[in-house]
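The sequence and the structure are shown first.

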Amino acid sequence: MHLLPTTRHEIGLLWRARPGMAGLLLAGQGLARLPGPAIRKVPGIGWVTGDPVVAREVLKDHRSFTMVGEGGVGDLWAQILGEWVRDLFDGPGHHDLRTRARDLFTERTAGALVAGTWGPTLRDAGERLAAGEPVDVAHTSRVLVGRMMIELLGIPAPDGPQSGRPGDAVAPGAGPDAPPWGDGVVVPSGAAPSGPVRSWPDDDGALAAFRTGERLAKLALGTEGSTTLPPEKIAEAKLITDELTAGVPYAFRTAPPSRLLGRARELGLTLEEATGLASLLMVAGTETSASAMMRTTALLADTGEQHRLLAALGAQESRPGAAGSPAGAAPGPHPPSDGPWDAVVREGLRVTSPASVIGRGVSADVEIGGARLRTGDRIMLLVWSANAAAGPFRIDREYVRETRQLWFGAGRHLCLGAALAKAEVAALLRTLWTTPDGAPAGPLRVVRREASREVIVPGYEKLVVSR
Ligand code: HEM
């Protein structure tokens, strides 16, 4: 048995993010490896479990547990966005939405989206590393994820109508009815691109979008004991969601069905609901993805597993007839089983588990994990602990059946953006560890790092790597 479940840097990140939560996660991880009750009551928090099997059981039991009751994230959203959230997030409306949104992010569409939206930024990072320059992977991850959200949600340029080079913001797959400047750009009706051409989104805008989402997520700090928000937090959250979703009405009206908001319109969602969904995506899919990207990078360097990765890439390349797959130049749609990358991304997600806990309210009395839970109780699933208990970061780890993909949840709320998140992590790692023509590049070293403090999702403020 290993004394530490992961690297000391990873534990430092958990600690700097939320010291109390770090203690709970580490305790949960220790308990998950010892015999004893799978579920316990913690004063001030309620029921907790770090057992992957019990956690999955809770997530799949929709009759006894709810995400929109006290203890669930949907309860926070209902206070910020309105009561309709309860139906869309957990009622019949949710089933309807999930059924029709099933193919929104498939492996193929996710790969195309990443290639179209991130190509130039990744290429630039790859070139800087190749030239011997340092790259701050934490900053790059935030910019990339910010760009993705601007693209998905149609966040407008801060200073009015803009036009990138035609096609700049258009991801492959945008339908023929997509405006030439991409439906990620909001142009007031009737306005056509004119005057000086400026590319949108740019890095500053992407970073600003990311930081705004982060501010919104931060409002959930301190809700470990109760998900009832004080009025001032609700007011602040409403202001932030308004800011984040200012561009949604235009994109909702004009985006083709192949795009997120176009799909939302086709599904019959109201503008209010589409706006809420957009806010949810912003919170669910930004910090989590950026965290997995930068932390997996650090793990590969810190554990030395990057050497195993480079060896696997070398072996793959020297196989007769095997063409290297392009990295930064075209982090495009890749076949599902693509050399070592699937396993590396899976292991990175397991060990980092960016959504470290999932909360649920108990909606009907239930016996689970040997305990009797009563209606109105709350339960916190220690996802990080459950996943970390399987052992430290090893890219050749066999598939772990108990945890499966618990980092994306389970049951009917299983992460809607899982394919996109995996494509995002893979695209960054490819850029860092392969040359543009897909050959293994040299190992990286971390030259500077700084953990983010007081955040919901642990991550690096800075993670500077160099070849
Ligand atoms: C590494 C990155 C990510 C991780 C670890 C992650 C994790 C999760 C988890 C654990 C849940 C379930 C929450 C619960 O049951 O209460 C979830 C739900 C969700 N995620 Fe992700 N997520 C990631 C990226 C994304 C991305 C990129 C998007 C979209 C752009 C996204 C969209 C969503 C949505 C919409 C839900 C709610 C689904 C529902 O309630 O039916 N996520 N995610």
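## Overall composition

Of the 467 residues in the chain, 55% are buried, where buried means under 20% relative accessible area, exposed over 50% and partly exposed in between, with a 1.4 Å probe and protein chains only. The model is a predicted one, in which local features need pLDDT of at least 70 and side-chain atom pairs count only at pLDDT 80 or more, while totals for chains, interfaces and linings use all residues. Residues are numbered from 1 along each chain as its sequence is written, and side-chain values use heavy atoms, with hydrogens and water left out.

The chain contains 18 helices and ten strands; these are DSSP runs numbered from the N terminus, with helices being H or I of at least four residues and strands being E of at least two. Its accessible surface amounts to about 19100 Å², and carbon and sulfur atoms account for 57% of this; accessible areas come from the Shrake-Rupley method with a 1.4 Å probe, and for residues only the protein chains shown count as cover. Of the contacts between residues at least 6 apart in sequence, 76% join residues at least 24 apart, a contact being heavy atoms within 4.5 Å.

## The iron site

Cys 415 is the only protein donor of the iron atom of the ligand, with its SG at 2.3 Å. Donors are N, O and S atoms within 2.8 Å of the metal (3.2 Å for Na, K and Ca), and sites may look incomplete because water is not among the atoms. Cys 415 lies in the loop between α17 (383-388) and α18 (418-433).

Helix α10 (residues 231-244) consists of 14 residues and reaches 20 Å from its first C-alpha to its last, close to the 20 Å expected at 1.5 Å a residue. The expected span is 1.5 Å times one less than the number of residues. Its buried residues are Ile 234, Ala 237, Ile 240, Thr 241 and Leu 244. They lie on the same side of α10 because they cover an arc of only 125 degrees around the axis, the arc being that of the directions from the helix axis to the C-beta atoms. Pro 231, Glu 232, Leu 239 and Asp 242 are exposed on the other side of α10. The cover over the buried residues of α10 includes α4 (73-81), α9 (203-218) and α13 (271-285).

The 16 residues of α9 should span 22 Å at 1.5 Å a residue, which agrees with the 22 Å between its end C-alpha atoms. Among the buried residues of α9 are Phe 210, Glu 214 and Leu 216. Their cover includes α4, α8 (137-153), α10, α13 and α14 (287-303). In helix α13 lies Leu 280, which counts as partly exposed at 23% relative accessibility. Apart from its neighbours within four places in sequence, Leu 280 is in contact with Trp 77 and Phe 89. Leu 280 and Gly 74 are 206 residues apart in sequence, yet 9.7 Å apart in space, C-alpha to C-alpha.

## The five-stranded sheet

An open sheet of five strands has the order β1-β2-β8-β5-β3, with mixed pairing. β1 (39-42) and β3 (65-66) stand at its edges with a single partner strand each, so one side of each is left without a neighbour in the sheet. Two strands pair if DSSP finds at least two bridges between them.

Strands β5 (residues 357-362) and β8 (residues 378-382) run antiparallel and are joined by five bridges. Val 357 has Leu 382 as its bridge partner in β8, and Gly 359 stands opposite Met 380 in β8. Two bridges join β3 to β5, also in the antiparallel sense, with Thr 66 opposite Gly 361 in β5. Five of the six residues of β5 are buried.

## The three-stranded sheet

The order β4-β10-β9 describes an open sheet of three strands with antiparallel pairing. Each edge strand, β4 (135-136) and β9 (445-451), has a single partner strand, so one side of each is left without a neighbour in the sheet. Six bridges pair β9 with β10 (residues 460-466) in the antiparallel sense, and Arg 445 stands opposite Ser 466 in β10.

## Positive phi in two loops

Ser 353, in the loop between α16 (341-352) and β5, has a phi near 35 degrees, a positive value in a residue other than glycine. Ser 353 counts as buried, at 1% relative accessibility.

Glu 454, in the loop between β9 and β10, has a positive phi of about 50 degrees although it is not a glycine. Glu 454 is exposed, with a relative accessible area of 56%.
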